Number of protein chains: 2
Amino acid sequence: MAVSAFRFELLAQRGALRRGRFHTPHGTFETPCFAPVGTYAALKGLTPEQVRATGTELVLANSYHLHVRPGAERIERLGGLHRFMAWDGPILTDSGGYQVFSLGGKVKVDDDGVTFQSVIDGSTHRCTPASVLAFQRQLGPDIAMVLDHCPPGDAAPDVQRDAHERTLRWARQARDVHAGWGGSDRGQAVFGICQGGADPELRAQSASALAALDFDGYAIGGLSVGETKQQMAVALDACVEHLPADRIRYMMGVGMPEDLLAATAAGVDLFDCVIPTRHGRNHTAFGAAGEVLKLRNAQFADDPRPLVEGCACYCCRTYCRAYLRHLAVADEMLAGILLSIHNVHFLQDLMRSIRRRAEGAA
Amino acid sequence: MAVSAFRFELLAQRGALRRGRFHTPHGTFETPCFAPVGTYAALKGLTPEQVRATGTELVLANSYHLHVRPGAERIERLGGLHRFMAWDGPILTDSGGYQVFSLGGKVKVDDDGVTFQSVIDGSTHRCTPASVLAFQRQLGPDIAMVLDHCPPGDAAPDVQRDAHERTLRWARQARDVHAGWGGSDRGQAVFGICQGGADPELRAQSASALAALDFDGYAIGGLSVGETKQQMAVALDACVEHLPADRIRYMMGVGMPEDLLAATAAGVDLFDCVIPTRHGRNHTAFGAAGEVLKLRNAQFADDPRPLVEGCACYCCRTYCRAYLRHLAVADEMLAGILLSIHNVHFLQDLMRSIRRRAEGAA
C-alpha cells in the first residue's frame, strides 16, 4: 500500500518538545511550525513572494469568510485555493466554527449544526459537520478542519461540557463524511479539534475520544481565549497527554512569542495567528526580545537603527526605525506592509530557533 | 574639465520624438521616461524591489510633503532621501509650488515667495525660490525643481501673464542660488519650469527666457489642468520649439497613456504622475488598449484571465481577474498593491515601446 501523501514524521524530541515534518501533496512543512493567516485568501498586504521570503511554509485561510465571499464553488471553478491565491505550498483552512461563534450576530446551535446570520449582509447561513467539510473540499486546501463548538472562555461548566460533547459527536460525523469520500488519499487531510475549556478532565476525555477516531492531526481549540497562563498550561498538558504521539498537534489562534515557547515546550507542533500581520497594520513590531515597539511613538523619529539588529528580514535589511515611524505617522500603506513582513519573519526566526533546540543543537 | 555627472544624451530622433538617456550620480534613466510618484518618500504600498521590477528607473518625491513631515533636516541627518527611502536609483523632487497652489488653504503670493498654511496642522509656512532649493538640497535628490507659480487652468490672461513673469524672476533667483552652491557639480541638478497657461505666446516667451538661464533640464508645468487636448498640444509645441534641443524636457503631472503618446510625439522626454498608483488603490487597472478596468465590477467575478494577456508584470503572471475582483470587493490591501504594480508596469511597457519606436525599431 502506498504511503499517504499526508504524514507526520517525528524527527527528534527533547523532553516534551518535538521536532517534526509534515508531508502534504503541496510539499512539507517543518515543525514546530507557525502559519500566518490569510483570512480572505491573502495575507493582508503581502504577496506570496514576500510571505515565502519570511520563511513561511504553511498558510491558513478562513473557510467561513471565503464561503460568504467569493464563495467556495467559485473558487473550485477557478481551479481551487492554491491557484486562486497563488500559494503553491501547503494550505490549511479552518472550519469556520470559531468565526461563527465569535463574530457575533444571531447564532443558534443545535445538535446537528449552527444557524447564523452573515455579518456582511445579514443573510442566514447553516453549518453542519458535513457542510463545512464540503465547503473545504471545494476550496481544496491540503488540510481541512472539522466543525467544533467553541464556547466563550468564561462559559459555565455545563456549557463547556455540552460544547465538548457536541464537538465529539460532530467529529464522528465529520470522520464518516471524510471516509465516505475516500479519506485523505483523495488529497485532503482532516484534523479533529479538542475542546473542553480550562477543565483538564474534559480536555483529557476530548483528546482520548478524538484519538480513537484516527484523524490525520489534532487541533487544540478554545484556549488563549481569556484563561490564565496557568489554566492554559494545565489544559494543554491534559490534551497532549491523551493525543497520539505519532500525529501532529496544532494549537489554534496562538502567536505571541511567550505562548509559542510555552506550548512547543509542552509538545505542540503547529500554530496559527493573525497577530503578526494585525500588529503590523497597527504599526506595532516585535523587538529583539519579543517586546512590542509602537512605531508611531516620537522616540523613533530620529532612530537610525533597524527594528531588530541582525534581523535578516527585508524590512530590517532595508530601513531604519525613523523611516518606519515616518511612514506610520503619514499613514502610508507601506508601514503596515513592512512591519507585517518583519513580524512574520520574527516569528519564523523564533520557530527556527525552537526547532534547533528540539534537535539538541542549542 | 570633467564631464558633469548630469548629462542628457540624445541617442536617436524620429520626427519630434526623441530617444535619450539622462545621467545622474545614482545611475541613468532611459528617455522617454515615466517616473511614478512616492509623495511621502514611498510609492503607496510598494517596496523598492517591487517598483524596480516594473521597469521603473526614476522616482519622484514631493518636497512640500516631506518638508512638513518628517522634515528635510531630519532626512538629511538620516543620510538623505536615497538612503531614507531605500531607492538607490535616480530621484527627482518637485519644489512644492504645485502643492502650495493646489492643496488650497490660505495662500498668499507676493514677488518674493508664497505664504501658506499647512493642510496638516494649520501652521504657517513660507516658500521662496531660495528656501525650496535649500529644502531639496537637504533632502538630496538627484534632480531638484525651482519654485514656480502655477495658477489654475481657467485663470484670467493677466493672472497667467503675472504668474509667468513671476516664475521667470524666481527661476533667475534659483539659478543664482544654485550657482552660488557650486552648481550641479555639487551632486544635484536643477530644472527650470515653463509656465504661461494655454497661451502659446506666453509659453514661447517663458521657454526662451528659461533657455537663456542654462538649466540642467526644463519642465513644462501648468498643463493637463483642465484645458482641451488641442490647447495642450499648441502650448506644448510652443514650449518645445523654444527649449534647447540638447536638454531634457519634462512634462509634469502627466500619466494617461494617450497623453504620454501625444507628448512624446511632440518631443517631451520625461513624465511623472500619481495616476497608476492612485488608480490601483481605487481598484482600477489599465486594460490592453489603455482603457480602464474597474475591478469591483461583477463582470470580473468569474473571469479566469489576467488583467492583460501577455503582460509580464507580477500581477498578470500570478493572478486572474476573478481573484483581483475578490480582493477589491473584500477591501483587501493586496488589491491596491497588485493593481498598482500592474499599472506602473503597464506605463513602463508603454514607454519601452515608445523608445523602440524612437529608435526606428517599430
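# Briefing on a predicted two-chain model

Cys311(B) counts as buried, at 11% relative accessibility; buried means under 20% relative accessible area, exposed over 50%, and partly exposed in between, with a 1.4 Å probe and protein chains only. The model is predicted: local features need pLDDT of at least 70 and side-chain atom pairs count only at pLDDT 80 or more, while totals for chains, interfaces and linings use all residues. Residues are numbered from 1 along each chain as its sequence is written, chains are lettered from A and ligands numbered from 1 in the order in which they are written, and side-chain values use heavy atoms, with hydrogens and water left out.

**Cysteines**

- Over all chains, the structure holds 0 disulfides, a disulfide being a pair of cysteine sulfur atoms within 2.5 Å.
- Cys311(B) takes part in no disulfide, and its nearest cysteine sulfur, that of Cys313(B), is 3.7 Å away.
- Cys316(B) is likewise in no disulfide; for this residue the nearest cysteine sulfur, that of Cys313(B), lies 3.8 Å away.
- Cys316(B) counts as buried because its relative accessibility is 8%.

**Relation of the two chains**

- The same surface serves both copies, since 100% of the contact residues of chain A recur in chain B; contact means heavy atoms within 4.5 Å.

**The sheet β7-β8-β9 of chain A**

- In chain A, 3 strands form an open sheet in the order β7-β8-β9, with antiparallel pairing. Two strands pair if DSSP finds at least two bridges between them, and helices (H or I, at least four residues) and strands (E, at least two) are DSSP runs numbered from the N terminus.
- The edge strands of chain A are β7 (107–110) and β9 (124–127), each of which pairs on one side only.
- Neighbouring strands of this sheet are turned by 15° against each other on average, direction ignored; axes are lines fitted to C-alpha atoms, for helices over the stretch in contact, and angles run from 0 to 180 degrees between N-to-C directions.
- Helix α7 (residues 157–180) of chain A packs on the sheet, where the helix touches β7 and β8 of chain A and makes about 70° with the direction of β7(A).
- β7(A) and β8 (residues 113–117) of chain A run antiparallel and are joined by 4 bridges; they form a hairpin with 2 residues between them.
- Across this pair, Lys108(A) stands opposite Thr115(A), and Val109(A) stands opposite Val114(A).
- β8(A) and β9(A) also run antiparallel, joined by 4 bridges, and the bridge partner of Val114(A) in β9(A) is Cys127(A).
- The hairpin of β8(A) and β9(A) has 6 residues between the strands, and Gly122(A) in the turn has a positive phi of about 75°.

**The nonpolar core and a buried aspartate**

- The largest nonpolar core has 84 residues, of which Leu307(A), Tyr323(A), Leu307(B) and Tyr323(B) touch the most other members; such a core is a set of buried Ala, Val, Leu, Ile, Met, Phe, Trp, Tyr and Cys residues joined through side-chain atoms within 4.5 Å.
- Leaving out residues up to four places away in sequence, Leu307(B) touches several residues, among them Leu293(B), Cys316(B), Arg321(B) and His342(B).
- Asp303(B) is found in the loop between β16 (292–294) and α12 (314–318) of chain B, and counts as buried because its relative accessible area is 8%.
- Not counting residues up to four places away in sequence, Asp303(B) touches Cys320(B), Arg321(B) and Ala322(B).

**Backbone features**

- The peptide bond joining Arg69(A) and Pro70(A) is cis, with omega of about 10°; Pro70(A) lies in the loop between α2 (63–68) and α3 (72–77) of chain A.
- In chain B, the peptide bond from Arg69(B) to Pro70(B) is cis, with omega near 10°.
- Ser224(A), although not a glycine, has a positive phi of about 60°; this serine is in the loop between β12 (217–220) and α9 (229–242) of chain A and is partly exposed at 35% relative accessibility.
- Ala41(B), also not a glycine, has a positive phi of about 65°; this alanine is in the loop between β4 (33–36) and α1 (48–53) of chain B and is buried at 0% relative accessibility.
- In helix α6 (residues 129–139) of chain B, the buried residues include Pro129(B), Leu133(B) and Phe135(B); Gly140(B), with a positive phi near 85°, follows the helix α6(B).
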